[in-house]
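Hi everyone, thanks for making time this morning. I'd like to walk you through one protein, so let's get it up on the screen.

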Amino acid sequence: MHETVNRRQFLHSAGLSALALSVGADVLADSFRNTTGLSGLKIAYSAITWGGNDAKAIDDLSALGYHGVQLRANTFGPYKAKPSELKALLDQHNLKLAMFSSGNVEIDPAKEQSTIDTHVAHASFVKALGGSAIQLTNAARPKDRLPTPDELKRLAAVMNEIGKQTAAMGIQTAYHNHMHQLGETPDEVDTIVQAMNPKYVKLLLDIAHYKQGGGEPEKAVKQYKDIIYALHLKDTMSPRPDKPDDKNAYKFVELGRGNVNVPAVMKALSDINFKGWGIVELDGVPETDKSPEQCAEINKEYLTKTLKLTL
C-alpha cells in the first residue's frame, strides 16, 4: 500500500493525467515492466519541438541522454552541400539519425515526378548523414468531402515508387499516418497500408495521430506488426481544457498526460517483439511557460521512471 501511494504521488508530481493513474494503466505498466520483449526498442527524440533550431535541439537532447534524433527537411537547404558538417555535429553529440522527416507526397499526376525527385534527394542526404530512413506525410485532405479510395491508393502508389528508388540506395521509406491528411481514420490508414508494397514502404505508426483519428494504437501495433518500421511516441489531449465544449479540439502533450494508453502500446510492442525506433515527438510546447528542453525532460521521466525504459 505504501509503495502504491508513493508511486501515485510521483505520477501526480510529474504532471501525468488521470488516465495514467487509473488501475488499468497501472496494471498494464506493471505487465510491461515484467516483460523482456522490448530489448530491441531504441528511443529517439524529434527535433520538431525546437521549431527549426536544430543545433539547440541536438545539444539539449544529447545533454538529457538521448541517443537518437529525428530531423526535418528544413536541414536539407543549409546542409545539402555540406552534409559532413551536420554529421559531425551529430557524431559529436553521440546522436544517431533515427528518422528524417522528408515532407509531403503529392498525388497530383502533374507533380508526381517533382515529389519523387524531392524525396529521393532527401534520401541521398540522409545516407550522407549516416541515417537509414525517411518519413513521408501527404498533402491536406479535401475540405468538403472524405478522400476517395482511389486517392488513398494513389498516395500509396507514389510512395511505392519513392520507396523503390530509395531502397536502391539503402534508405527505407516509411509512411506516417497523420490528422488532417489523407490517412486520418483507421479505415483510411488501412486502405493506404494495404496498397503499399511492403518491399519498399513500411509504416511509421504515430500513436497519437492514430488515437485522435479514432483508432486504438495498441491494436494497430498488432494489426500491422509485419510492416511497422518505427513509431512516434506521443500523446494527445482531447477535449482541451481551454475548449471543453469543442469535441474536435485537441493538442499534443507529453507522454502520460493525454488519452493515449501508452503502457498498452508498450505491452503490444513487447508482444510482437518489436525491434526498432520509438521516436518521442511533440509538435510544439503544449504550454507557453515550458521550453522544448523541459518537455523532453518530462518525457524522459515518463519513459525511464514510469515505463522503466533505458534511453
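Let me start with a question for you: which residues in α12 are buried? Keep in mind that what you see is a predicted model. The buried ones are V262, P263, A264, V265, M266, A268, L269 and S270. That is eight of the ten residues in this helix, which covers residues 262–271, and it makes α12 mostly covered. Just as a reminder for reading any such helix, an α-helix has 3.6 residues a turn, so residues three or four places apart point the same way. After α12 comes N273, and its phi is positive, near 55°.

Now let's step back to the whole fold. The protein has 13 helices and ten strands. Eight of the strands close into a barrel, with parallel pairing, and the order is β1-β2-β3-β4-β5-β6-β7-β10. From one strand to the next, the twist averages 30°. If you'd like to zoom in on one pair, take β5, residues 172–176, and β6, residues 201–206: they run parallel and are joined by four bridges. In one of these, T173 has V201 of β6 as its bridge partner.

Some totals for the protein, then. It has 311 residues, and 51% of them count as buried. Among contacts with a separation of 6 or more, 76% are between residues 24 or more positions apart. The accessible surface is about 13,700 Å², and carbon and sulfur atoms make up 50% of that.

L41 sits in strand β1, residues 41–46. Why does L41 count as buried? Because its relative accessible area is 10%, and the cut-off for buried is under 20%. Leaving aside neighbours within four places in sequence, L41 is in contact with M266, F274, G276, W277, G278 and L309. M266, you'll remember, is one of the buried residues of α12.

Last stop, the largest pocket. About 230 Å³ of space lies in it. Its lining has 17 residues, and those nearest the centre are I48, R72, S101, Q135 and T137. Strands β2 (68–72), β3 (96–105) and β4 (133–138) each supply at least two lining residues. Which strand gives the largest share? That's β3, with three residues.

Methods. Residues are numbered from 1 along each chain as its sequence is written. This is a predicted model: local features need pLDDT of at least 70, side-chain atom pairs count only at pLDDT 80 or more; totals for chains, interfaces and linings use all residues. Side-chain values use heavy atoms; hydrogens and water are left out. Buried means under 20% relative accessible area, exposed over 50%, partly exposed in between (1.4 Å probe, protein chains only). Two strands pair if DSSP finds at least two bridges between them. Axes are lines fitted to C-alpha atoms, for helices over the stretch in contact, and angles run from 0 to 180 degrees between N-to-C directions. Contact means heavy atoms within 4.5 Å. Accessible areas come from the Shrake-Rupley method with a 1.4 Å probe; for residues, only the protein chains shown count as cover. On a 1 Å grid over the protein atoms alone, a cavity is a set of points where a 1.4 Å probe fits but cannot get out, and a pocket is an open set with protein on both sides within 12 Å along at least five of seven lines; lining residues have an atom within 4 Å of a point. Grid points are joined across faces, edges and corners, and a volume is the space filled by probe spheres set on the points.
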